[in-house]
Amino acid sequence: MPYVRSGSATVHFVASDIPGPALLLTHGFLMDETMFEPMREPLAAAGINLVTVDARCHGRTQTPEGEPFTYWDMAADVLAVLDELGIDKAVFGGMSQGGYTALRAALLAPERVRGLALMSTEGDACTPAELAFYRTFFERWCGAEPMAPLVAELAPQLIGGSDPRQWRSWTSRWYASDRQAIAPAADCLMQRRSVLHRLGEISAPALVVRGSHDGTSTAQKSELLAAGLSGADGVVTIPGAGHGAVWTHPEVVAPLLIRLARRAVAQPHRAPGRPRANPWFTSRGGGEIDIAQ
């Protein structure tokens, strides 16, 4: 298994190890890097070297027990992965908390970022209502409450859809996990600060995508994120998908990532604010772009 040391963490990653532009992706909360596995083959066929990373407190990445960290630390982790692989530049991306990491990597090392793939994510801090919800939920998750009702509540929100077969790969891992081990990651999630005021520093081509049924990364949050990125052209909305569109709709997301990677390699970064024709789909107004059925 490939690992790299980053600060106090031993970070696990998987690379496709093929020639071509690198696409580095990080996963959502309570997931791991395998959530991108359904897209590895089509991306490889398109000549894209997919690099996936386990976040701190997730998957096979190892961190000191109970040690606090931030998404800035995890941004340093993904840069360390690229260093280990000898990759100078990549398209950075992630789903949900993975997007928080990708945004911070773009701010830490803009010269290494060819593009940004921001999926089911946002650039803001938690609202007071979200913070109150998270505090209650994580107290329950890390406590002694039976898992079944918590899992039944979480799976539809975190993954989306109505087919439990799409959830089982993750719910089985949740049942087998150390429930208390996730606490530092929960604190990281709740205590993150907004980077919306810094989005103007990022000029790389950007894809902002969400599921139409995503109640977490709402249309308003996604549009606010896209509006702050000069390289983004509205929000791509996947009909019928929820928060975990990357997992439930890989056949839709993979072509979007391929298109972004090719565009990022072909086009130099442009100055913020410079207009450009829309490279995705036809706009439906309000900054939102819907994928053709």
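Predicted model: local features only at pLDDT ≥ 70, side-chain atom pairs only at ≥ 80, totals over all residues.
User: How much space lies in the second largest pocket, and which residues are the closest to its centre?

Analyst: The second largest pocket holds about 350 Å³ of space. It is lined by 19 residues, and Phe133, Tyr134, Leu154, Leu158 and Thr216 are the closest to its centre. Two or more lining residues come from each of α3 (97-108), α4 (128-141) and α5 (147-158). By class, the lining divides into 10 nonpolar, 6 polar and 3 charged residues.

User: What is the volume of the largest pocket, and which residues lie nearest its centre?

Analyst: The largest pocket has a volume of about 590 Å³. Its lining has 24 residues, with Cys57, His58, Gly59, Ser177 and Ala181 nearest the centre. Both α6 (168-176) and α7 (183-191) supply at least two residues of this lining, and α6 has the largest share, 3 residues. The lining comprises 11 nonpolar, 8 polar and 5 charged residues.

User: Now for charged pairs. How many salt bridges does the structure hold?

Analyst: There are 13 salt bridges in the structure. For each one, look at the distance, then at where the partners sit. In one of them, the side chains of Glu130 and Lys221 meet at 2.3 Å, N to O. Because Glu130 belongs to helix α4 and Lys221 to helix α8 (residues 219-228), this pair ties together parts 91 residues apart in sequence.

User: Is Lys221 buried or exposed?

Analyst: The cut-off for buried is under 20% relative accessible area, so Lys221, at 17%, counts as buried.

User: Which partners does Arg140 have in salt bridges?

Analyst: Arg140 forms a salt bridge with Glu145, where the closest N and O atoms are 3.0 Å apart. Arg140 also forms one with Glu153, with the closest N and O atoms 3.1 Å apart. As for accessibility, Arg140 is partly exposed at 25%, Glu145 is partly exposed at 25%, and Glu153 is partly exposed at 25%.

User: Which residues do salt bridges that share partners join into one network?

Analyst: Glu122, Glu130, Arg192 and Lys221 are joined into one network through shared partners.

Notes: Residues numbered from 1 in each chain as written. Heavy atoms only, no water. 1 Å grid on protein atoms, 1.4 Å probe; cavity = no way out; pocket = protein on both sides within 12 Å on 5 of 7 lines; lining within 4 Å. Points joined across faces, edges and corners; volume = space filled by probe spheres on them. Helix = DSSP H or I, 4+ residues; strand = E, 2+ residues; numbered from the N terminus. Nonpolar A, V, L, I, M, F, W, Y, C, P; charged D, E, K, R; others polar. Salt bridge = Lys/Arg side-chain N within 4 Å of Asp/Glu carboxyl O. Buried < 20%, exposed > 50% of the residue type's maximum accessible area, 1.4 Å probe, protein only.
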